[in-house]
Every structure is written in C-alpha cells, then in structure tokens.
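Please look over the sequence and the structure shown here before reading on. The briefing that follows is written for someone meeting them for the first time.

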Amino acid sequence: MKIAVISTDCELGRATVSATIAHAIAKSGGADVLLTYAGEVSPFNKILNCESDDTGTRSISLISKLIQSNSFGPEGIRNYCPKIVPNLYYLDTTLGVYKREEVESSLEYVLNNSATDVVICDVSLSMDDELTTTILEYSDVIILVTNPGLKYLENARRLLEDYDAILKEKCALFINRYSEDISSTRAMAATVGIEHRNTCKLHYNPYFVTFSNKGDLSKIYDLAYVKDIRALSLFADIKEILSFVSARIGRKLKWGVQKE
Amino acid sequence: MVFNIFGKADRRLIIYTLLKYFTAAGNDVLLMTDNPQYKRLIDGGLSFGEFKNTYIFIDSEVNKETITDISYTSNDFDIIIYDGCVTDDADIRIFIEGLVVDEYDAYLANSNECFKIQIGKKVGGIPFKGFQYLNAEMIESYHQLIEIDPAITNKIAGFLAGPLAISERTFRKAVAKVK
C-alpha cells in the first residue's frame, strides 16, 4: 500500500502526520513501513533524528545506481535505509541534497515495487510538479492534511475541486492540531466535502513540539502506546488511523498494550 | 464500547464525568437519551446535534433501534452511551441507585451484570452536594466540561479502569484536567 501525504499550505504538520501514520503501523507490528520525502529540505532528519550515515554507504546516489544495475530486489532496499524503530525504515530522498534524477528514479522504484508493506511519501512539492503527479498516480491513498481553521478547510475544499481527477477517488482528510472546542470532525469533513469515514484527526498536543525539537518524536508514540496521560488523546487518534489503514490493507493492526 | 446507564436518579452527574474522560481521551461518543435537559448542550436547543465530539440524540423513547433514526451507524463512534435504558449488546452497565429505587430498575440491576453507584445515601454512597449541581449547571451554561465531583470520579475510576485498560490514576487525572 502506498500513501501520499499532501497539504494545501506549509506548516500544517504534514511531516508530523506522516511520522504518526508510519509509527502507528510500524509499532502495531503488523506491517513494515518505508518513510520517504519529496521536497527540498527533509523535516525527518530533524524531528526523527534519522540523518544518513557519514560514510555515504546508504545514500540515495548509491541506491539509484544499484537500482539501475538491477543489483537487488525490492526487499533489498531495506538494507540501505536507516531503521528508525523496529519495522520502520527511512529513505532520504531530499531534493536539496541529491540530484533530481536520482530521487525520481528511486521514488518511482520504491512506489512501483513493493519494497515494504506500506510506503509513506511526504510530498511538499507543488501540485503541478511532475514528481508530485507521479507519486500521486502511484499512490493508493492520498492524505490531505489540514488544520481546523476555516481558511485551511476552504483551501482544502478548493484543492479537491481543482485536482478532482487525481484526488477524487483516493483522497482522505487528516485534521492536524484538532481540538473539540473548535468544531467536530463531522462538521469539518462536511466543509471540505469528504465523507466522515474518510477523515482522521490528530489532537493538538504540545509534546509534539517538545519531542520534535529534541529530535525524538518517536518517544511520544511510546507514551501513547501505554496510555500515558500526556498522550491519552493520541492513543484514540492512532487507533482511528489504524482502523482506516487496516480497512485498506486488509490486515488487522492492533495498537496499545493488549489486555491479558 | 456500549454503555447503559439507568436508574431513577439524576444521571447527568455520572454522564458528564464520563463525557469529560472520553473528551480528554479523544473518543467519538454517541449519547442516546430521553432527558430533554441535554438540549442545553446543543446549539439552537435542538433534539440532536453535537457537543464537542459527542453526538447527542434526544428522543422520548430510547432503545437499540433508535440508532437507525440518525444518519450514522454504530461503527462511526468509539463509545455509545444509552441513557435510561438497558440493551443486550452493552459492554458496561451502570445502575445509579438514588433515594427511591424503582422496582423494574432493581430487577434489571439484579438480572444483569452491572456496576452500582449509590447517590444520596450516606453509607457507602456519594452524598448530594450543592457544588455537584453547580458544576452541572456550569457545563450546560458555558459548554465547557469540568469535573463534577472528585468523589464521583474516584467511584467511576474504580470500576472503569479495568474495562478501559487504563490506570485509575490516569482516569482521575484525565477527568480533573483543566485545559
């Protein structure tokens, strides 16, 4: 399954949403996840502290050359990607660091071949970019990240209208920095024009900022896993995400400490 | 998860405590009730509508079939609370025993597995206090969920911590949390 994560504006928390979906699936133990990025400056290097090693043995340039020479199969790509947590791999495809041709060929290979059970691609490029179009065409689900503000919801609705041909069938809405005090998810989904069943949310939590700045965002998912009071709402959010992914992947994914 | 809350007493004190926890935990809740007082929580005073992430549906008769009257299915919600009735699919039943006990409610409480909360009785129960209703009034007036009474929170935490798979301390902290 391939998931593309897009947003209408900058700074809406697209990277946080991508990382949350990736961690949710990886930590449930039901599937392997590959996290990638299509854009100029990768936020994952900072928030997940997953920079490529200094020797360059895992760089996208090498992977690109290996792909061209058919040196490994789809599963082999995992050996060249840093592991963030068990079952979660990161492929650094930052356009600002590597050549565009290398990034394009690697992303196309990853999306075309099932390297892992789930591939999540955070797309920060313009919707008119060729690479964006390629990623969206390969994706099974396109997650549109927005915030609860009316301005952002209106922008999301306009984006869906403008790119109706690509987004209509596959698009799901993801409301980041959600709060019940603003409005309900049903009302927000109705504003954007997406069914409520295709809507997920991520509650506002100041610990996202704290752990992101420390480069240790993975820690907050450990807190949610054990229902810590600091990440209590995140537990319900992740369960919602997993039920959404489970329905499409056809595999049951369980989250949290199971009752004996 | 399906909750049944029944008994001839003011059930709002218990339901507001539960709603406070489920809101803090980020759960989607459906509240099916026959109590028109909940109209105060809905904008415009309608019989159905949303209060935070709780969808409230008020009808003169509440039963399991009532859910077909709304445009959602039971799968759209994490938690469903039936106020004032007992359904066969309930995971947790809470019997609120007031000063006057209805015979039928006592029969339902005895014939089904349920948790019991005594309100208004001095021995082993939670006594009525003015601030409980003051807090309920504040919730309905200002549309902000607050803790009704720490004694009620402790009582509910005691038996809900297990089924909800959380610690009693986490439950109490989530209910007492002020945004």
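How many residue pairs are in polar contact between chain B and chain A? The count is five residue pairs, both residues at pLDDT 80 or more, where a polar contact is a pair of N or O atoms within 3.5 Å, and within protein one must be able to donate a hydrogen and the other to accept it, while residues adjacent in sequence count only if both atoms are side-chain atoms. This is a predicted model, in which local features need pLDDT of at least 70 and side-chain atom pairs count only at pLDDT 80 or more, whereas totals for chains, interfaces and linings use all residues. Residues are numbered from 1 along each chain as its sequence is written, chains are lettered from A and ligands numbered from 1 in the order in which they are written, and side-chain values use heavy atoms, with hydrogens and water left out.

**Where the chains meet**

- In chain B, 23 residues are in contact with 17 residues of chain A, contact meaning heavy atoms within 4.5 Å.
- The area buried between chain B and chain A is about 1700 Å², with 47% of it given by carbon and sulfur atoms; buried area is the accessible area (1.4 Å probe) that two parts lose on being put together, summed over both.
- On the chain B side, E50(B), K52(B) and N53(B) lose the most area to chain A, together 25% of what that side buries.
- Four salt bridges are found across the interface of chain B and chain A, a salt bridge being a side-chain nitrogen of Lys or Arg within 4 Å of a carboxyl oxygen of Asp or Glu.
- R186(A) and E50(B) join their side chains in a salt bridge, at 3.3 Å from N to O.
- Helix 1 (12–24) and helix 5 (168–176) of chain B are the elements that give two or more residues to the side of chain B that touches chain A; helices (H or I, at least four residues) and strands (E, at least two) are DSSP runs, numbered from the N terminus.

**The sheet of chain B**

- Chain B holds an open sheet of seven strands in the order 3-4-2-5-1-6-7, with mixed pairing, where two strands pair if DSSP finds at least two bridges between them.
- Strand 3 (48–51) and strand 7 (115–118) of chain B stand at the edges with a single partner strand each, so one side of each is left without a neighbour in the sheet.
- Strand 1 (residues 2–6) and strand 6 (residues 92–97) of chain B pair in the parallel sense over four bridges, and F6(B) has F95(B) in strand 6 of chain B as its bridge partner.

**The sheet of chain A**

- Chain A has an open sheet of eight strands, ordered 3-4-2-5-1-6-7-8, with mixed pairing.
- Its edge strands are strand 3 (83–85) and strand 8 (199–203) of chain A, each of which pairs on one side only.
- Strand 7 (residues 171–178) and strand 8 of chain A pair in the parallel sense over five bridges, and Y178(A) stands opposite H203(A) in strand 8 of chain A.

**Salt bridges over all chains**

- Over all chains, the count comes to 22 salt bridges.
- R14(A) and D122(A) meet through their side chains in a salt bridge of 2.6 Å, N to O.
- That pair links distant parts of the chain, with R14(A) in helix 1 (residues 14–28) of chain A and D122(A) in strand 5 of chain A, 108 residues apart.
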